[in-house]
Amino acid sequence: MIQRLFNFIKKPTSKDIIINTVGNYLNVVFIAFFAFLLVRILAPSQYGVLSVLLGIAYVLANILDFGTTASIYSYLPVMIEKKQKNIYIFLKTILFYQTGFSVVIILLLFIFFPYLDKVFFKTGAPSWELYATTFSVLFLVWQNYAINALFAAKRFLKANIFLNLSNLIKTIIIFVMIPMRLITVGSIIFVFGIIGPIVFFILLFFEKRHIVFKILKASVKKEEFRFGYTITFFIASQFFNLAQRMDLFLLSYFLSKSPEVGYYGLAQKIILTVIASIASITQVLSPKFSKISTKEDVRKEFKAGIVYLLIPTAFFIALFFTPNVVFYLFFTEKFAQTAIITKTLTWPYIIYTFLNLPLLFLLYTVKKPSYILIANLVIFIIISFGSYYLIPTMNVLGPPYALALSFFIGLIILSVASFIEYKKLPSRII
């Protein structure tokens, strides 16, 4: 049994998942440390402004992905394996169009951000801090593009080393700035949103400068962007991102100023920490699913995927059986209800864990994101209406039921669609 476990760990996919999981959680540790450090330096009001501005930058950078992540994972691994000549044209085209679309949105934000802050965000931050936030979005977009390209090329170790070395250098810079009294909301945004990505790019350039030059010299071909594929997945992902926030939004609507909203928000963050392990696994599995061409390959990758996804499932089950006293130890008894909410949320997210397998197949193997758009739209509707009707009667324990139903229906939709597409594949390569 022990030997089988060691053999399983020694598999290339297992090694990549371990590397990526460790890298992702190390990144989480850096984020937690930054929060721990900054709350002791900045006033509560300043930290609130920083949280809002950085939140805007990170959310906007994810939105400005425009579905290109799916394109990179879906097409790049096959191009690399077959050594196709259009690899650099593909990468240049993705970068060109993503940058172009992003610049348009960023310029609009640059113009209207002071007004939006005045009437909506109400941070009261000086204009230069708002402009620094806007400018940082483009650097974060470029960094996400580079990380996704490295992951699709199975360079998980390099990507995580570059990212966490960037985090380490950001930490050193902040420590240098503290005695110089240079720590402000604006300077932190500049370090996190601009200097951090620049450090990442410098490390990447010295390691892969020959590839960087080839991408920059390559031509741009419109057809390589695959507008239908990328935009469909972009819309689908936005429905899902919004769906994941609707429960908290509606709790805030019905229970405004109630401490229960804070309990639920904290429980969500605990769940999101476990979800990071799911992302680590799917990032490694994505290039493998893009290479599937037969039913035999599908069975092989699904079998391996189920085994790997049992790991976050075990985390969720362990979280459910964790004694409440452990939650009190970390969050004090003032947040006692967080333990109950967290345990209630584990079961819906176990369903969500396995929803990722048919999603990977439909997105990267058969390349039909329209199925995912339908499933995510259904998930969004069920979570929204379910939470709307359950919160008034069940308070914070209502949304988990809506989440469970939405993920279950989403799993059925994607599973049926996957079976239909699976039947169309050849049994094996002749």
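Tutor: H4 and H9 cross with a right-handed sense. The model is a predicted one. H4 covers residues 68–81, and its axis lies 8 Å from that of H9. The angle between H4 and H9 is about 125 degrees.

H9 spans residues 227–254 and carries phenylalanine 227. Phenylalanine 227 forms an aromatic pair with tyrosine 97. The ring centres of tyrosine 97 and phenylalanine 227 are 5.4 Å apart, with 80 degrees between the planes. The geometry of this pair is edge-to-face. Tyrosine 97 sits in helix H5, residues 87–121. A search of the whole structure gives 33 aromatic pairs.

Now compare another packed pair. Helix H14 runs over residues 369–394 and helix H15 over residues 399–423. Their axes come within 7 Å and cross at roughly 165 degrees. H14 and H15 are therefore roughly antiparallel to each other. The crossing of H14 and H15 is right-handed. By class, 20 nonpolar, 4 polar and 1 charged residues make up the contact of H14 with H15.

H8 takes in residues 185–217, 33 residues in total. The end C-alpha atoms of H8 are only 38 Å apart. A straight helix would reach 48 Å at 1.5 Å a residue. Where does H8 bend? The bend in H8 is at lysine 208, by about 95 degrees.

Note on methods:
Residues numbered from 1 in each chain as written. Predicted model: local features only at pLDDT ≥ 70, side-chain atom pairs only at ≥ 80, totals over all residues. Heavy atoms only, no water. Axes fitted to C-alpha atoms, helices over the stretch in contact; angles between N-to-C directions. Helix = DSSP H or I, 4+ residues; strand = E, 2+ residues; numbered from the N terminus. Parallel < 35°, antiparallel > 145°, perpendicular 65-115°, else oblique. Left-handed = near helix turned anticlockwise from the far one by under 90°. Nonpolar A, V, L, I, M, F, W, Y, C, P; charged D, E, K, R; others polar. Expected span 1.5 Å × (residues − 1). Bend = angle between axes of the 7 residues up to and from the residue. Phe/Tyr/Trp six-rings, centres within 6.5 Å; stacked < 30°, edge-to-face > 60°.
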